[in-house]
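Here is a short briefing on one protein chain. Keep the sequence and the model side by side while reading.

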Amino acid sequence: MDLLANAENWLAGVHKASVSQTVTYQRGSETISIKATAGQSESASFDRGGMPVSFVGQVWLIEATDLVIGGVTVKPILGDLITHNGTVYRVVAESSGDRPWRVSGANGTVIRVFTKQVR
């Protein structure tokens with residue numbers, strides 16, 4: 001492993017230990033408790049009629065290896081739920097046609113999960 005990857009892994013661990021909060025991640029009837037850090041995402045796209053639509057959502061930074069459901073490491077999919085302090089967020093795509101997560105960093109240690117508050 002190179003120096004940059006080592007540094008990124010170290011920073012992800014420090015970030016997880018000092019800034020993240022415990023959330024519940026749910027896919028169907030399966031739920032897990034994981035550490036995640038909240039952020040915000042703002043983007044714009046166009047609807048089918050060509051009108052601009054802005055999107056402000058909640059972003060969750062999660063260590064990729066922590067997202068284990070049913071004994072298998074998974075990636076977020078549309079419709080998964082994240083609950084924090086009683087507030088529920090649905091995993092959504094940031095823009096139409098995009099996947100609902102993005103790698104954060106060079107080696108993929110952390111992923112950014114895009115969500116929108118539903119209740």
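The points below go from the overall fold to single side-chain contacts.

This is a predicted model. The protein has 1 helix and 9 strands.

**Overall build**

- The chain has 119 residues, and 38% of them count as buried.
- Take the contacts between residues at least 6 apart in sequence: 54% of these join residues at least 24 apart.
- The accessible surface is about 7,000 Å². Carbon and sulfur atoms account for 53% of that surface.

- Strand β8 covers residues 101–104, and strand β9 covers residues 110–117.
- The two strands run antiparallel and are joined by 4 bridges.
- Together they form a hairpin, with 5 residues between the strands.
- G105 sits in the turn and has a positive phi of about 110°.

**Charges over the W101 ring**

- Which charged end sits over the ring of W101 at 4.0 Å from its centre? That of R99 does.
- K75 also lies over the face of W101, at 5.2 Å from the ring centre.

**The salt bridge**

- How many salt bridges does a search of the whole structure find? The search finds 1.
- The partners are D80 and R27, and their closest N and O atoms are 2.8 Å apart.
- This pair links distant parts of the chain, 53 residues apart. R27 belongs to strand β1 (residues 21–27). D80 lies in the loop between β5 (72–73) and β6 (81–84).
- Is D80 buried or exposed? D80 has a relative accessible area of 2%. The cut-off for buried is under 20%, so D80 is buried.

**The aromatic pair**

- The count of aromatic pairs comes to 1.
- The pair is W60 with Y89, and their ring centres are 5.5 Å apart.
- Why is the pair edge-to-face? The ring planes stand at 70°, and planes over 60 degrees apart count as edge-to-face.
- W60 lies in strand β3 (residues 52–63), and Y89 lies in strand β7 (residues 87–91). The pair therefore ties together parts that are 29 residues apart in sequence.
- Both W60 and Y89 are buried.

Methods:
Residues are numbered from 1 along each chain as its sequence is written. This is a predicted model: local features need pLDDT of at least 70, side-chain atom pairs count only at pLDDT 80 or more; totals for chains, interfaces and linings use all residues. Side-chain values use heavy atoms; hydrogens and water are left out. Two strands pair if DSSP finds at least two bridges between them. A salt bridge is a side-chain nitrogen of Lys or Arg within 4 Å of a carboxyl oxygen of Asp or Glu. Buried means under 20% relative accessible area, exposed over 50%, partly exposed in between (1.4 Å probe, protein chains only). Contact means heavy atoms within 4.5 Å. Accessible areas come from the Shrake-Rupley method with a 1.4 Å probe; for residues, only the protein chains shown count as cover. Rings of Phe, Tyr and Trp (its six-membered ring) pair if their centres lie within 6.5 Å; planes under 30 degrees apart count as stacked, over 60 as edge-to-face and the rest as tilted. A charge sits over a ring if NZ of Lys or CZ of Arg is within 6 Å of the ring centre and within 35 degrees of the ring normal.
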